[in-house]
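Have a look at the structure first, then read on.

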Amino acid sequence: MKYAVVDLESTGPRLDQGDRIIQIGAVIVSDGQVIEQKQSLVNPHQELSIRIQQLTGIRSEELKTAPDFSQIAQEWFERLADCVFVAHNLHHDLLFLKDHFAESGLNFDPPAIDSILLAKICFPQARAYNLIDLAADFHLIYNEAHQALADAQITCQLLDIMARKCQQLSEKCLKQVVTISKSLDHQESYFFESACNFCLDQPLVRKRVYQKDSRETLSKTILLWGQLLQEKLSNQAHLIVEGNLHAIDKKDQALIVDWFLNQGEKVVLVSSKIKFWRERYRLSDLSDQLSTTILLNPNDYIHPQRFKKVLASLKKRKIQSYQAAILAASCIWLEETQTGLLLELNHEIDIKRLMIEYETSNQLFSVNPFYQRAVEQAQKAQLVIMTDQSLFGLKQSKKIRTLLANRLLLIQDLDHLAQSAMIHFQRTFNLSHFLVLGLQLKDLLFMDLDEDSDSIRLINQLMWMNDHLHNYLEHLESQLQTIYLPIEKQQNRILYLNDYPKIKKDLYDFLQSLSSRLDRFIEAVMVWPKNDQINFQDKFKEILTMCHQGRKMIASLLDENSYIILKSHQVQERFYQFNVCSRDYQYINFHEDFLEPFHQVLLFSPGNAYFKQFIGSYHRLNLWNYAYYLLKQNEPALDVYLEMDYLPTRSTKTTDLTDDLKSVVDWMNDSSNFHRSVSQVLLVGSRQQAVEAYQYLTQHLDNSIEIPIFAQHISGSMNKIKRYIRESNTFVLVIQWQTLKDLDWPILDKTVQLHWLKLPFRSLEDPLIKLQADLASISKEEIFDQLLIADMCHNLLATCQTAKGIFSLDLILLFDGRVFSKYYSKEIQQRLDRSLHFILE
């Protein structure tokens, strides 16, 4: 059997916008032997973008002397003519080749296989499916990424690894995968049917020796911290701890966990960074000395019986290619997994969502064997790792509460815990979705409407509800139009209804009248003879769920411990997507419900000074009786530079970034400042600012600065942006500071200059700020001085510290002179004196 592993590089991804091939490479394999390896440059007759030149290492000058594709078309056509065509991202490579061959009068339509689909099926637990990450996962030498032949060689090696893995699958599993793969878009089923034909006699690329990173030893500082915390906990069983300079980072937190484990403590660790901890204790020497397990909620584990039932159901349907890939990958994963934890899977293998979508009955299954095993392991383990959500699940499970009793509870991030609790226990009522459901039900009824009295009564009730809701939404929109001016673009709006009692009262009155009408509609459905139709039942169940949500919202509107937020989406002067959320000011019984079973509780606070101001996380969780302790940190302050020549001057108050961006670009365009070996990160405060900054940079950055520009909300998902950054020698990245601070980033070996366009002040209209002001009884006039300054200082410091942990920071620049020129500048400098050192040049 003969196949060709092919890779193309092109001027861009869009054939329909004139992009052309610039390089083609192939590895030809026949009966397990590599018989040819070939690479050719191609003249696209157009300039290459800076990004493509950086990505591929190919320069426009090289291509000017390369042949046109028409000059090499016949040679390549003959080379590939009798081969199965394999490519990583088949759609791009095959589409471009077909088009370019057609220009030379050659019809190219080979049997084809997409190795990305194969990788998703064979490696469901991979962190990503691009060649760089896959090569790293299997420790392959890969020094010339985005060179066509090098990419083809790595793909060929991965194909060999996948083929050998398929040969090791059980006969039952392989048979399932073969059957499912027939629903894929191309000839991928052939690979699974005859995997032996894709095994190489000798590997193309030598595996590099992989050395496991040795764990860090416990420093004197960590040993001292551990002893201090143990002493504090012996006197006060419940403790909140912060660093005196900045948040205690997860690396130091991990070492503190190690210290307690080395003392023989049995620990429950609550964290949102489960994958970080899984990887750490899987690779660590400590895992040889103690047992570690993860215990989440039952629905976080796949139920084998449920999966088997859904799989049997979907085999009878015509399913889409992406669904087939998820099913086949899940079959292989179920054969390999020891835990059944869905978080093991790559986010693209979303089998949980597929099972919910296609489950045809509410059949009760026996206890999930994977969850049962996790509970048994947790009973024996010294370290049990949980998420915020699984901690909240303790309230419903006396067995697990008893099992974890008398352990030390370590919570990685108090603020994240409070935020998770707020979201987990919030009540929502989506007004727009309810209207859509009503209209869908009306369409279903009209399709099969009889003229009997029950049917007429039912349709009348539904039409009244729909009209009533439609009229209310129009009224609500008119109220919002008096608050917000028309805008040129679009924006999400969040309204704190405690400040708008008239809107809040109108909402209450509307929900009350809707609830009574809903009761009559439900009664009418119960006596309707055709209420057992499947499509109708599905929509009606959603209506019942939303009816329950509506009643909860009515109660929340009367509850003094609740605050109400109205979310909407504004486009010019119109408003859409109305959603009401109710959240509690304070979770009164949080300790009793979730923390009481543990004999000691240690919570790490991110150092935001809210504790001392009687607002924020500890108050919202009602942890008044917890002791508070500052761990002493000994680190030099970070230097933050303000260059007078580049500080923006504003003659009028403005909310756009034009002046700030001009200053940044002027600084970059100055050759004495800009270093080609150093990347630039611009921090903005919102999605709109990110878009505005990207557009300004692409238009005004000096063309001689050959550096690609990436921007959040413009350049794809954050996973893609992370990959682009890893692949680029240097780059400009525009990103919201909130994303940089909160996202789980890998450590990147990149030297970076960090640009703050503005100090990260929140708006006085921010609902969370208003909530915190209410909690602390701060008047509107005092919010800025007593709350916003402290909040800004925390965000500035936390983001700089996060950036320091991700990148090698060459320079921090601030283009906001308020730290020296405003009346509150002295307070800012005093608050940050030991952590950030502001230098005016």
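**Helix packing and salt bridges**

Helix α13 crosses α15 in a left-handed sense, meaning that the near helix is turned anticlockwise from the far one by less than a right angle (clockwise would be right-handed). Helices here are DSSP runs (H or I, at least four residues), numbered from the N terminus. Keep in mind that this is a predicted model: local features need pLDDT of at least 70, side-chain atom pairs count only at pLDDT 80 or more, and totals for chains, interfaces and linings use all residues. Residues are numbered from 1 along each chain as its sequence is written, and side-chain values use heavy atoms, with hydrogens and water left out.

**The α13/α15 contact**

- Helix α13 covers residues 304–314 and helix α15 covers residues 351–358; they pack at about 65° with axes 10 Å apart (axes are lines fitted to C-alpha atoms over the stretch in contact, and angles run from 0 to 180 degrees between N-to-C directions).
- On the α13 side, the contact (heavy atoms within 4.5 Å) uses Arg 306, Phe 307, Val 310, Ser 313 and Leu 314, while α15 brings Ile 351, Leu 354, Met 355 and Tyr 358.
- Sorted by class, that makes seven nonpolar, one polar and one charged residues (Ala, Val, Leu, Ile, Met, Phe, Trp, Tyr, Cys and Pro count as nonpolar, Asp, Glu, Lys and Arg as charged, and the others, Gly among them, as polar).

**Salt bridges between helices**

- The model has 28 salt bridges, each being a side-chain nitrogen of Lys or Arg within 4 Å of a carboxyl oxygen of Asp or Glu.
- One of them joins Lys 165 to Glu 336 at 2.6 Å, N to O. Lys 165 sits in helix α7 (residues 148–168) and Glu 336 in helix α14 (residues 321–336), so this pair ties together parts 171 residues apart in sequence.
- Lys 165 is buried at 17% relative accessible area, whereas Glu 336 is partly exposed at 30% (buried is under 20%, exposed over 50%, partly exposed in between, with a 1.4 Å probe and protein chains only).
- Arg 280 and Asp 258 also pair up, with their closest N and O atoms 3.1 Å apart. Arg 280 belongs to helix α12 (residues 274–283) and Asp 258 to helix α11 (residues 250–262), so parts 22 residues apart in sequence are tied together.
- Both Arg 280 and Asp 258 are buried.

- Asp 506 and Lys 502 form a salt bridge at 2.8 Å between the closest N and O atoms. They are four residues apart in helix α22 (residues 501–527), so about one helical turn separates them.
- Asp 506 is buried at 14%, but Lys 502 is exposed at 52%.
- Arg 127, Asp 133, Asp 137 and Arg 726 are linked in a salt-bridge network.

Conventions. Helices (H or I, at least four residues) and strands (E, at least two) are DSSP runs, numbered from the N terminus.
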